[in-house]
Amino acid sequence: MVKVMWGSSLALAAALLLVTVANIPVAEGVTCSPTELTSCSSAFMSASPPSATCCAKLREQKPCLCGYLRNPALSQYVNSPNAKKVASSCNVATPKC
C-alpha cells in the first residue's frame, strides 16, 4: 500500500513539474526539461547509485540547473541530499547561481 501511494505521489509530482517548467528558458542549445532526468529518479529517491545514463543526462542538463534551482516547484528536488549525492557521484558540480 505504501509503495502504491509513493508511486502515485511521484507520478503527481512529475505531472506538476511538467506543468511548471514550461517557462524555463533554453540554455546553450539544451532543452531544459526535468523530464530528461527520469533516468535519475531511482537515485534521487533512494540511496542507489546513479546509472551511466543518469550521469550523462545530468551533465547534459547542467546548464539548466540554475533555472531548476530558481523554480520553487523544482528547487526542493535539486537541493535534496540525494540529488547532491547523485551530482557528486556523476562529477557534476552544483552551480553558483
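Student: Is the disulfide of C55 and C90 left-handed or right-handed?
Tutor: Heads-up before we dig in: this is a predicted model, where local features need pLDDT of at least 70, side-chain atom pairs count only at pLDDT 80 or more, and totals for chains, interfaces and linings use all residues. Residues are numbered from 1 along each chain as its sequence is written, and side-chain values use heavy atoms, with hydrogens and water left out. C55 and C90 have their sulfur atoms 2.0 Å apart and form a disulfide (a pair of cysteine sulfur atoms within 2.5 Å). The torsion about their S-S bond is about -70°, so the disulfide is left-handed.

Student: How many disulfides does the count come to?
Tutor: One of them is C55 with C90, and C32 with C64 is also a disulfide. C66 and C97 form one too. By the sulfur-distance rule, the count comes to 4.

Student: Which cysteine pairs with C32, and where does that partner sit?
Tutor: C32 has a disulfide partner whose sulfur is 2.1 Å from its own, and with -80° about the S-S bond the link is left-handed. The pair links distant parts of the chain, 32 residues apart: C32 is in the loop between α1 (2–20) and α2 (41–45), and the partner, in the loop between α3 and α4 (65–70), is C64.

Student: What pattern do the disulfides follow?
Tutor: Here you count the bonded cysteines along the chain and write down who pairs with whom. Done that way, the pattern is 1-5, 2-3, 4-7, 6-8.

Student: Which residues is C54 in contact with, leaving aside its neighbours within four places in sequence?
Tutor: C54 lies in helix α3 (residues 52–60), and it is buried, with a relative accessible area of 0%. C54 and C40 are 14 residues apart in sequence, yet 4.8 Å apart in space, C-alpha to C-alpha. With contact taken as heavy atoms within 4.5 Å, the list is S39, C40 and V86.

Student: What is the N to O distance in the salt bridge of K57 and E36?
Tutor: A salt bridge is a side-chain nitrogen of Lys or Arg within 4 Å of a carboxyl oxygen of Asp or Glu, and the count here comes to 2. K57 in helix α3 and E36 in the loop between α1 and α2 are 21 residues apart. K57 is partly exposed at 24%, as is E36 at 29%. Their side chains meet at an N to O distance of 2.7 Å.

Student: Which residues are linked in a network of salt bridges?
Tutor: K57 also meets E60 in a salt bridge (3.6 Å, N to O). K57 and E60 both lie in helix α3, 3 residues apart, about one turn of the helix. E60 is partly exposed, with a relative accessible area of 35%. Put together, the network links E36, K57 and E60.

Student: How far apart in space are P34 and C64?
Tutor: P34 is found in the loop between α1 and α2, and at 15% relative accessibility it counts as buried. P34 and C64 are 30 residues apart in sequence, while C-alpha to C-alpha the distance in space is 8.8 Å.

Notes. Helices (H or I, at least four residues) and strands (E, at least two) are DSSP runs, numbered from the N terminus. Buried means under 20% relative accessible area, exposed over 50%, partly exposed in between (1.4 Å probe, protein chains only).
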